[in-house]
Amino acid sequence: MGGRLPLFLPWLLLLLSSHAVTAIRFTVDDFPDGFAFGAGTAAFQYEGAVDEDGKSPSIWNTYAHSARNPNEHSGDFASDGYHKYKEDVKLMKDIGLKAYRFTISWSRLIPNGRGAVNPKGLQFYNDMINELVKAGIQVHAAIYHLDLPQILEDEYNGWLSPRIVDDFTAYADVCFREFGDRVAHWTTMMEPNIIAQGSYDVGIVAPGRCSYPFGRDCTVGNSTVEPYLFLHYNLLAHSSVVRLYREKYQAVQKGIVGINLYSLCIYSLTDSAEDIQATVRANDFLFGSILHPFLFGDYPESMKKAAGARLPSFSSYESELVTGAFDFIGLNHYSSIYASNNPDVSKMPVRDQAADIGALFRETRDGQAAIQYPPGSMVDPQGLEHVLKYIREKYGNISIYIQENGRPDDSLMDVERIDFLKAYIASTLKAIRDGADVKGYSVWSLLDLYEMFGGYKAHFGLISVDFKDLRRQRQPRLSAYWYSDFLKNNVAIHVENGEATATSHEQI
């Protein structure tokens with residue numbers, strides 16, 4: 001026994017150390033100066049007023065009114081934010097939000113996709129931004145989230161054409177010119193890394209394109225090439241917008257421009273070489289499809305090898321354009337999944353993007369395997385730490401905003417949501433203390449919205465919205481009061497072994 005102690009002791013100390021880092025007690029003051037705690041919404045899911053004041057249909061409007069929409073309703077009224085934004089800004093101020101992340105509807109601001117600006121749309125966003133500024137809330141604006149004007153989709157298939165680069169850049173120019181004196185945090189695109197698969201491979205998101213035998217009964221599309229065209233023109237359009245901002249606006253407006261990624265922590269199902277390599281590929285497709293071009297001017301080798309000629313190549317000009325074309329990265333992080341090797345890929349005569357990844361995914365270790373990235377159901381705060389560490393080690397210590405994090409909970413006494421948020425906020429702080437350059441954290445969502453998957457039935461909001469009432473009455477949930485206590489009253493959070501508690505500052 002005595003002879004084995006030197007070997008046993010380090011292992012025991014490691015276990016004790018590992019256990020100790022799961023316990024953390026903190027207040028909002030423990031975050032870096034200027035850290036932006038906030039909450040978010042998105043235009044289609046929030047505004048409603050689908051055909052008011054000159055707004056034109058977007059691809060999401062078209063999809064929501066089609067038979068392909070899995071939800072009961074079309075989202076035409078959503079949360080009626082177009083008419084109730086002043087009430088909502090007051091609620092934000094009452095909660096104590098430092099920042100608010102919203103998206104601008106291209107089809108509301110420039111209904112024809114290019115050319116004339118809609119005065120009513122311009123007035124709406126100006127009025128809302130002014131209310132936020134008056135309330136002392138940082139304005140974090142995203143330029144695009146699945147609301148391409150349908151007219152551009154009809155004209156040249158939208159994001160599948162190089163013509164989108166100039167049109168998107170011109171649209172962003174209007175946003176910078178009209179709002180940039182009050183908006184210093186710009187996100188160009190939301191989740192292009194996962195929208196490529198959802199919109200153009202399996203067709204479960206607008207514009208709903210896919211091809212047999214992939215996807216779900218699409219009538220148009222090509223799942224083998226269109227996801228890659230979408231990614232490519234997204235990267236070029238984003239990078240064109242960043243160059244525009246840097247050359248024309250940044251010196252005066254002193255803002256920053258980034259892009260948003262959908263984030264999952266991907267664990268290898270086993271320690272086999274095949275599963276580990278599948279996990280590497282899955283991360284390359286999920287994160288590297290965007291970050292690798294930004295850092296190295298090209299796609300990851302695993303993507304190029306898997307997709308071959310179906311993956312567009314960057315010209316020398318395009319490679320220079322995309323390299324370094326970001327000031328920060330936004331992450332929408334909700335969960336973790338498991339990945340294993342997909343041995344059947346080599347037998348497939350035709351492959352889509354999902355097959356190119358060469359992995360099978362599970363939401364739990366013993367869950368059903370799927371070839372596409374699942375949304376994830378696991379509550380795994382440490383997964384966020386792993387993602388932040390992975391990005392830092394592979395791509396450098398880039399500035400990051402957690403732009404969405406949350407879970408659905410119908411109850412006004414939403415204790416499970418509170419525990420979820422406490423644990424993930426704690427993991428954010430742990431990652432910062434480990435060296436991650438995280439600048440902000442936003443809850444998804446400020447209030448109940450029309451959700452992409454779930455419609456009016458998935459309630460993510462700190463504030464409840466009565467969707468059965470056309471007045472869309474608001475009522476803060478317990479989580480809104482908790483978040484307010486954390487932000488305004490210096491309430492301490494204690495998280496241990498995934499369980500979160502809070503004590504008031506006076507009791508510390």
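Visitor: Is tyrosine 338 buried or exposed?
Guide: In this predicted model, the class of tyrosine 338 follows from its relative accessibility, and the cut-off for burial is under 20%. Tyrosine 338 has a relative accessibility of 12%, so this residue counts as buried.

Visitor: Which strands hold tyrosine 267 and tyrosine 338, and how many residues apart in sequence are the parts that the pair ties together?
Guide: Tyrosine 267 belongs to strand E6 (residues 256-268), and tyrosine 338 belongs to strand E7 (residues 328-341). Because the two partners sit in these separate strands, the pair ties together parts whose distance in sequence is 71 residues.

Visitor: What is the angle between the ring planes of tyrosine 390 and tyrosine 395?
Guide: These two tyrosines form an aromatic pair with a centre to centre distance of 6.4 Å. Tyrosine 390 is partly exposed at a relative accessible area of 22%, whereas tyrosine 395 is buried at 4%. The pair is edge-to-face, and the angle between the planes is 80°.

Visitor: Why is strand E3 described as largely enclosed by the rest of the structure?
Guide: In a regular strand the side chains alternate between the two faces of the sheet. In E3, Ala99, Arg101 and Thr103 point one way while Tyr100 and Phe102 point the other way, and all are buried. Strand E3 (residues 99-103) is therefore largely enclosed, the number of its residues that are buried being 5 of the 5.

Visitor: Which residue of E4 stands opposite tyrosine 100?
Guide: Strand E3 runs parallel to E2 (residues 36-40), to which 3 bridges join it, and glycine 40 stands opposite arginine 101 in E3. Strand E3 also runs parallel to E4 (residues 138-144), here with 5 bridges. In E4, the residue opposite tyrosine 100 is valine 139.

Visitor: Which residues does histidine 73 contact, leaving aside its neighbours within four places in sequence?
Guide: Histidine 73 lies in the loop between helix H3 (59-64) and helix H4 (81-95), and its relative accessibility of 44% means that it counts as partly exposed. Leaving aside neighbours within four places in sequence, its contacts are Tyr450 and Tyr456.

Definitions and conventions
Residues numbered from 1 in each chain as written. Predicted model: local features only at pLDDT ≥ 70, side-chain atom pairs only at ≥ 80, totals over all residues. Heavy atoms only, no water. Buried < 20%, exposed > 50% of the residue type's maximum accessible area, 1.4 Å probe, protein only. Helix = DSSP H or I, 4+ residues; strand = E, 2+ residues; numbered from the N terminus. Pairing = 2+ DSSP bridges. Contact = heavy atoms within 4.5 Å. Phe/Tyr/Trp six-rings, centres within 6.5 Å; stacked < 30°, edge-to-face > 60°.
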